[in-house]
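My notes follow in the order I took them.

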Amino acid sequence: MCGIVGYVGPKDAYDILIESLKKLEYRGYDSSGVALKTNDGIFIAKKKGRISELESDIMDVPTSHLGIAHTRWATHGAPKDENAHPHTDCTGTIAVVHNGIIENYRELKASLAQKGHKFTSETDTEVVAHLLEEYYQGDILSALFKILPLLKGAFALGIISLKEERILAVRQDSPLVIGLGSGENFLASDIPALLSHTKEFVIMENGQVADIRADHVDMYDFDGDDIPLKITHVDWDEAQAEKGGYDHFMIKEIMEQDQAIKNTLLGRVIDNHVILEELTPLQEKLQKTERIYITACGTAYHAGMVGAYLLRHMAGLDVEIEVASEFRYAKHHWHDNSIGLVISQSGETADTLQALRLMQADGIPVISVVNVLGSSVYREADASLLTQAGPEIAVASTKAYSTQLAVLYLFAIYMARLKGLLDNEAEKHILQELWNVPEKVRVVLNQAHTIREIAQDTYKTNDIFFIGRQLDYMLALEGSLKLKEISYIHSEAFPAGELKHGPLALVTSDTPTIAILMQEDIMEKTISNVSEVKARQGDVFVLAFERNKKALHDIGRWAFFVPDTLPLLGPLVGIPVLQLFAYYNAVLRGTDVDKPRNLAKSVTVE
Ligand code: F6R
């Protein structure tokens, strides 16, 4: 994920910026860059690759006491030198670093280009530098207030101007903190970057602008009204700091999901319609598509199962889905008018990549849903829909799954429109519900302590089963995988109706069952299966919507109710509960949560 740092004060800016950037390396990045205000102009250096490559590229570091720097995780434009930040205006006197997405950058870029601005990158960020140039009349802060209403999306910005001794910072949906020193001040996207310099921070909130000078900091809202500084003292050690104060990367990544889903939807829902520009080259083909082959591994495969359900139900498509390790060796009778869909966080999973190549070799165009821009899957697919999860460091996939789901909802809606199966009203309704999902996910995340209490009751168990029907079953599969991989509790997920065809023999008073009851049209059927479990003295944990609380609160030993939404969106609001359940069981058992035994983050061998 991109990282921002900034420094203004008496010390050498370059050393501080590079040292602070290195503290953000753990977040993952593909290029880095620095902008320094010097007596001869703004010095810019940027490079694809590691920060050390940037350092070796800079022969003479100019003297400077004010600068900004950045590590980039590509989202718009491939990882290459030109696309690395900072970006400048046409005159090279304004430099900008940015995290997030400027959703409307294409229209802004087109109108700036018409006015004669020359762009040197494919990024969304560069428009900010040119917009500032357009409005600059000697005071960069006034120019900033003029352009803020023009920007749509999520952005954390660091800005410097050659003529001014200040760093401007803006926060809208992407984190930014100001580090307070004595006679010097700092800016960063993350606290760990600055911990060796200060323990005093102002944690910026959405809709705030900071004017950072060496001897003071002023804060404003987007209308230019003053805001008092709220100072927070942070006492983390370095290991805690990398994890944003959390004990593990996994819990940090679980907690980031509301924002990750939001980032994934941003720019793709416009005026109540789904816009997937990445698919434009395939649009004719997609219009004729009758069958989709979906393949992926592990968690990504579970997301694919939800995708298959959505494409069948919403877009009336015939869908075949198989794990990639089987798909690549299976006998396929390809149908005309088919496309392939592969899903992968890393974009490097060997089986998924081979399955993609197999389809392409037989003339089937492949769309990928992938988190890493520039990865093999991204490069080789005919079109790619990026999830905007940012780097996922814990081995167990969490935010990658929820963002894969978010993309698959968008894709299913897009296909349903193409097939003429979704009218404006229906599209608007589902998109409004989808747009509200991040807020509901936050409500669930804020109740993590409740799930920890439930785990207190289950963590000594040897076996835990999950049951559900249709989408609930697909969610059960993911919940069960999460639990087994990090807690080492043996777990399986069953379609609820299959229990009495075998697995019920395993149910005793020592085997809790998690029953997912979010698909209300078939809920009664699953409730019967819950009774079968209870009749064998098995404990039951119920996961359902808030609106069914009255009916369901006492059918199990524990129950967790998530905020109401469409049953179709159940997996998105339900998954954080199951991830937290797995996490707390693992923590209580004392396992190596972020690096579970025998598993690797990216499986690049068969
Ligand atoms: C489980 C997990 C794995 C991955 C699988 C595919 O938590 O992380 O099951 O989902 O190895 O990896 P990607 O998505 O990188 O292709």
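Entry 1, the pocket. I am working from a predicted model. I began with the domains: domain 1 (3-242) and domain 2 (246-435) each give at least three residues to the lining of the second largest pocket.

I then looked up the extent of that pocket. The space in the second largest pocket comes to about 720 Å³, and 31 residues line it. Which of them lie nearest its centre? I noted Glu103, Arg106, Leu266, Gly267 and Arg268.

I sorted the lining of the second largest pocket by class and found 12 nonpolar, 10 polar and 9 charged residues.

I counted secondary structure and got 21 helices and 27 strands.

I looked up the dimensions: the C-alpha trace spans about 80 × 55 × 45 Å along its principal axes. How does the radius of gyration stand against that of a compact globule? For 606 residues such a globule would have a value near 25 Å, and the protein has 25 Å, so the two agree.

I checked burial, taking under 20% relative accessible area as the cut-off. Buried residues are 60% of the 606 in the protein.

Last, I looked up contacts between residues at least 6 apart in sequence. Of these, 71% join residues at least 24 apart.

Key: Residues are numbered from 1 along each chain as its sequence is written. This is a predicted model: local features need pLDDT of at least 70, side-chain atom pairs count only at pLDDT 80 or more; totals for chains, interfaces and linings use all residues. Side-chain values use heavy atoms; hydrogens and water are left out. On a 1 Å grid over the protein atoms alone, a cavity is a set of points where a 1.4 Å probe fits but cannot get out, and a pocket is an open set with protein on both sides within 12 Å along at least five of seven lines; lining residues have an atom within 4 Å of a point. Grid points are joined across faces, edges and corners, and a volume is the space filled by probe spheres set on the points. Ala, Val, Leu, Ile, Met, Phe, Trp, Tyr, Cys and Pro count as nonpolar, Asp, Glu, Lys and Arg as charged, and the others, Gly among them, as polar. Domain bounds come from an automatic or database domain assignment. Helices (H or I, at least four residues) and strands (E, at least two) are DSSP runs, numbered from the N terminus. The radius of gyration is taken over C-alpha atoms; the globule rule is 2.2 Å times the number of residues to the power 0.38. Buried means under 20% relative accessible area, exposed over 50%, partly exposed in between (1.4 Å probe, protein chains only). Contact means heavy atoms within 4.5 Å.
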